[in-house]
Amino acid sequence: MMQQYLRIKVQHPDILLFYRMGDFYELFFDDAEKAARILDITLTTRGASGGQPIKMAGVPHHALEPYLAKLVKMGESAVIAEQVGEPGATKGPMERAVSRIVTPGTLTDAALLDDRADAPLLAVQLHRGVLGLVWLNLANGDFRLVEAAPENLVAHLERLRPAEALIPESLKLPALDARVPAVRRLADWQFDAATARELLTAHFGTRDLAGFGAEGMDVALAAAAALFEFARSTQRQTLAHITTLRVEREGDFLRMDAQTRRNLEISETLRGEPAPTLLSLLDLTQTSLGSRWLRHALHHPLASRAACRDRHAVVGTLLGDTGDGPLRAVAAALRPIADIERIATRIALASVRPRELAALRESLGALQPLRETLPPAGPALLEQIRADLATPVDTLARLRAAIAPEPATQVRDGGVIAPGFDAELDELRDIQNNCGEFLVVLETRERERTGIPTLKVEFNRVHGFYIEVTHANTERVPDDYRRRQTMKNAERYITPELKAFEDKALSAQDRSLAREKMLFEALVAELGATVPTLQRIAHAVALLDGLNAFADAAARFDYRAPELSDEPGISITGGRHPVVERQVDAFISNDTQLGPTRRMLLVTGPNMGGKSTYMRQVALIVLLAHCGAFVPATHCRIGPVDAIFTRIGASDDLASGRSTFMVEMTEAAAILNGATEHSLVLMDEIGRGTSTFDGMALAYSIARHLLDRNRSHALFSTHYFELTRLGQEYPECANVHLGAVEHGHSIVFLHAVQEGPASQSYGIEVAALAGIPPAVVRDAKRRLRALENREIANGPQDDLFASLPEAEPAQVSHPALSALAGLDPDSLTPREAMEALYGLRRLLD
């Protein structure tokens, strides 16, 4: 048995091997030690190898999934080896084979997956300055690739959040190792574009990949070869549910780097928590499909304005002109629908469970009531959704006929196939269920036939079925009775009829379970042809659920339809931060006006005054509009936008050896190098991580660069009041501030955006609110007054950013400088140049 184990283990040296032995999955040697430590299971020993006891640990077969879930959460993988032979079929140990390989990026089992989040598998290749990314969501068959600039790797990792990544052994990508929980290094030869073309054309049944738009994308295709082969090897079968390859272009979505996604707290707070975030607020979906679509939509705001308008039209229809739309009825109709997307995948992989097919049956039955909740005529996108929700009548009828109303969890338990579906199965079940009735009928008939009133028909585990007759009545026994056993006071007989019934009855259960298993597998294979249809339905359900959640949010929180204009600029009236307004009792709405003549808002005001909230709300409103949602504003008009950049807050990156200020400058550099005139840029208190003059000079120059070169729409907050003079130099730069008033010894924040610069920062008052000891606050106020008095005594401060005088030409006074000025470097030979150099040195000496 250990030889068989080692033959399997040598094929998977770096992965935990769960080896089925009866009712347990066992692990041996180093695997046992590691599993005992990670899973907190008992480590023991059994037998010996090389004179040393064999370390061993195990888990019950029925409790495997929770242990696998714990492993996967920690980034580990597992190989499952099942018993595939029949007991006693061979002289050696029962045959075993690998049934599946479970890795963080190749999960399809519902018990291991998060219902509301995807866990994609990513492959990365980098060649000659081109980054190739390919990712596969094995749970739904979504297979995509993109080629990008290497510096965009972190941004893609942040939006995709892969559970596992594959890279060539020779490729070093520290950013990947730092952000992906499981990174697997494969041989370089597995990343080959020619192999990808061969694999994918064979899989899709096409001549080439031109129809998918992937021709010429050799770097991404090289990664696709490794990913596709790895995924196929883990499932031990073809991936029939992968029906297409989608090519993404960099311009398909608004550009947002990793820092922007974190700063806007789309699906995770800055502390790494799932709430309160934009996703947690808007996730009013009724299905797990819709929740995953919503997460994807918020991280992938559309660049296509036509696609955004299509979504807005559906949201408006579901909401209705006065909030009387069908959104509540749609939500109620969506509620019974199960995760069709993942069920379809498990059908394709032949790993679907009986209750999942029952859930699929109920979900398909709910499609017609769902369609009936939609208005008879609506926008084109809603009509497409209605068409995609067409009920597959034949599939529904087949499931209703085949699957029991409440099937067992596993096929091996029986009770999965519905009565009336298969005559042979019904007969076997009747034998099991009606055995007692048959014996009573037979006993009555035999008593009448023989005239023996004490005749009994009975059963025991040793001798099976028999007819018992007392010795006094043995002379009346018919000729077809065959003696089975002689007792002290009676004889036991068997008849051909009872023997035939015994053969049927004793094997009925095993035959029934075998028949049920065969019928279930045949049904799953038959349903495999419907996977594309089920995927289409799942996509329509997810899209409708997500858009209905947008409509529900608009109704609950008073969101309005945004206007997407072709004229540049952002005009927001009564804008609100969608998340913060739900966390406070009263939120102050604010306006924002940006356009060709007002490209930058220089935002000043006290700490805690709401500058960051105001800036973030503008970005979130733009983001929501491009996701297809309504926005928290009274009125909103948004011109062309290609990217959202933010530089808000800062923390050091000790792992990479970068200080807080270095991180801040790196993010600022990315914005200055990447922002265009159609980008929205948020910069919060840039330059505060260094000395006052250095920070002030950098902030001023960065703001000027945004105005002169990038010409982006920007919100630029600062505590350097000297920067407010930019408004005098640049007409397109406007000063705004968030006001505050002193009340007694404290400060009251007004949170209202007003035109013009702030008068002071109220830093000491905010420090008092934070709990700084009163003595420290009093001392700070005294020192502030002293500094202010000194400034008044010294006269007004010079303008730090006034035009500097031209530097006067240096006066040539030293003989060496005079000699140097008289040299003509282009006319000197090497020897003359050497002599001139020595001559200059002598003059200096």
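Okay, let's start with helix H11, where the buried residues (under 20% relative accessible area, with exposed meaning over 50% and partly exposed in between, using a 1.4 Å probe and protein chains only) are Arg 305, Cys 308, Arg 311, His 312, Val 314, Val 315, Leu 318 and Leu 319. Before I go on: this is a predicted model, so local features need pLDDT of at least 70 and side-chain atom pairs count only at pLDDT 80 or more, while totals for chains, interfaces and linings use all residues. Residues are numbered from 1 along each chain as its sequence is written, and side-chain values use heavy atoms, with hydrogens and water left out.

When I say helix, I mean a DSSP run of H or I with at least four residues, and strands are E runs of at least two, numbered from the N terminus. H11 covers residues 305-319, and its end C-alpha atoms sit 21 Å apart. Just after H11 comes Gly 320, with a positive phi of about 85°.

Now, salt bridges. By that I mean a side-chain nitrogen of Lys or Arg within 4 Å of a carboxyl oxygen of Asp or Glu. How many salt bridges does a search of the whole structure find? It finds 55.

Let me show you a few. Asp 31 and Lys 9 pair up through their side chains at 2.7 Å, N to O. They link distant parts of the chain, with Asp 31 in helix H2 (residues 29-39) and Lys 9 in helix H1 (residues 2-9), 22 residues apart. Both Asp 31 and Lys 9 are buried.

Next up, Arg 445 and Glu 497 form a salt bridge, also listed at 2.7 Å, N to O. Here Arg 445 belongs to helix H19 (residues 435-450) and Glu 497 to helix H20 (residues 496-527), 52 residues apart. Why does Arg 445 count as partly exposed? Because its relative accessibility is 34%. Glu 497 counts as partly exposed too, at 37%.

Glu 502 is buried, at 4% relative accessible area, whereas Lys 499 is partly exposed at 36%.

And to finish, a network: salt bridges link Asp 118, Arg 292, Asp 339, Glu 341 and Arg 342.

Conventions: The expected span of a helix is 1.5 Å times one less than its number of residues.
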